Amino acid sequence: MRRALAGIALAVTSMVALSFLVPLALLVREQARDRVTTAAEQRAAALSPVLALTTRRADVQQAVAELGSADQLVVRLPDGGFVGTPHAPEEALDRAVRGRETLAVDTADGWAYLQPVVLRGDRVAVVEAYVPAADLTRGVTASWGVMALLAVGLVGGSVLVADRLGARVVRSSRGLKRASLALGSGDLGVRVEPDGPPELQEAGAAFNTMADRVVDLLAVERELVADLSHRLRTPLTALYLEADRMGATPSALRVTEAAGQLERELDSIIAAARTPLAAAQLTGTGAGTAKPCDVAEVVAMRLDFWSVLAAQQDRPFERSLTPRPAPVAFPEDDLAAVVDALIGNVFRHTPQGTRFVVRVERRDRHVRLTVDDAGPGVADPEAALTRGVSVGGSTGLGLDIVARAARTADGELTIARAPLGGARVTVSFALADARAAGDGDR
């Protein structure tokens, strides 16, 4: 923008300067010429009364010496003789004598003014006032130089002012851009100091208002999450009581274990929601800083949990877990939530008795978790990956949570048709050592 404003100022000021300087330069040249030619005409006119009184060579020479130099003032006497050295062409002198007309003649070396003087006896003398070419343009070059310097100063000053104004605008725009990028990356405390033109100052003030509003909305949302999570403690307490009534049976143990896991999840949600936003930003841990966990081990643990429900619903299932270590830089609890979301979708969206297969495969740089089922499949995979859009009567958040978890671990989520006839959901995670090597390369 600075370059554009400076270019516009340069173009506009240059055109304005040229539109004034060119006519002014021509006018200065003409005025210089008029000044010296007028002076020459006046000298020639001053000599005419002398010639009217006498044409003696000595008297004329004395008059010429008093009015000017012999090189610039010449007299052609009626007898054809000259006082001084003539510069005008001979035909111009003859024309002035015969026609008795005043002539102005440009010569190779300057300018000559011929003024005839009619004497008694019908005799004619001619006074020639000569101006050298150097005198015709004396002072013009200096005047043009001064005007050129003034024009350069005017153009340079306008460009400098435009550049300073552009720098102010660019500085304000860049500050607003940096603040927007920082806010987009999660820095909720960033604000801008409104600066620059009024429009940018208004934009900066609007940005600060928007940032404050975002912080307020996030705080309200976190409080709402914490309140909703706390309200779940009431039915959780009922589950504990129901498990106590069931006695020391395997079903009661499973209910107690599930209720305990649910309580731990609620505690972590409430603690995270109650943490101030600024502290959450500073202390929050992402996938890149989490303690590595083994995908195969977590999948095996969650399959043991789901196997009881699978047996109750007559769901045959297979597992194929890689024997090689498959560590990923992802929190174990979050990975368990991903596995539960995938297997839970099978139980939720397929009839009882539907078969499913869970595989964990290690590749060169990734670990692939695949869940196949023999259900009806997913008719619209793209809609299924849209947050909040349900294709089977659910909340529409399960697969979106899995997809975001995969992206956090430098992986991806794909949905396809399984060989069993139903849906195949594949999630990939970057290996912890491969991801660390990639971060080192960057």
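## Strand pairing at β11 and β12

In β12, V425 is the bridge partner of I415. The model is predicted. Strand β12 covers residues 423-430 and pairs with β11 in the antiparallel sense, over five bridges.

These two strands belong to an open sheet of five strands, ordered β7-β9-β10-β12-β11, in which the pairing is mixed. The edges are formed by β7 (317-321) and β11 (413-417), each of which pairs on one side only. From one strand to the next, the twist averages 15°.

## Helices on the sheet

Helix α10 (residues 295-312) packs on the sheet and touches β7, β9 (356-362) and β10 (366-373). The direction of α10 makes about 170° with that of β7. Helix α11 lies across β9, β10 and β12, and runs at about 20° to β10.

Helix α11 takes in residues 332-349, 18 residues in total. From its first C-alpha to its last, α11 reaches 26 Å, close to the 26 Å expected at 1.5 Å a residue. The buried residues of α11 are L335, A336, V338, V339, D340, A341, L342, I343, G344, N345, V346 and F347.

## Salt bridges around the sheet

The structure holds 13 salt bridges. One of them joins R302 and D340, with 2.9 Å between the closest N and O atoms. Because R302 lies in helix α10 and D340 in helix α11, the pair ties together parts that are 38 residues apart in sequence. Both R302 and D340 are buried.

R424 has 26% relative accessibility and counts as partly exposed, whereas D372 is buried with a relative accessible area of 2%. R359, D372 and R424 are linked in a network of salt bridges.

D94 is in helix α3 (residues 90-99) and R76 is in strand β1 (residues 73-76), so the contact ties together parts 18 residues apart in sequence. R76 has 18% relative accessibility and therefore counts as buried, the cut-off being under 20%.

## Positive phi in two loops

D122 is a residue other than glycine with a positive phi, near 60°. D122 sits in the loop between β4 (110-119) and β5 (123-132).

D314 is not a glycine either, and its phi is positive at about 55°. The loop that holds D314 runs between α10 and β7. D314 is exposed, with a relative accessible area of 60%.

## Annotated transmembrane region

An unreviewed UniProt entry lists residues 142-162 as "transmembrane region". In the model, the chain over residues 142-162 is 100% helix and 0% strand. The end C-alpha atoms of this stretch are 30 Å apart.

Technical notes: Residues numbered from 1 in each chain as written. Predicted model: local features only at pLDDT ≥ 70, side-chain atom pairs only at ≥ 80, totals over all residues. Heavy atoms only, no water. Helix = DSSP H or I, 4+ residues; strand = E, 2+ residues; numbered from the N terminus. Expected span 1.5 Å × (residues − 1). Buried < 20%, exposed > 50% of the residue type's maximum accessible area, 1.4 Å probe, protein only. Pairing = 2+ DSSP bridges. Axes fitted to C-alpha atoms, helices over the stretch in contact; angles between N-to-C directions. Contact = heavy atoms within 4.5 Å. UniProt positions renumbered as here; feature names shortened; annotations may be inferred. Salt bridge = Lys/Arg side-chain N within 4 Å of Asp/Glu carboxyl O.
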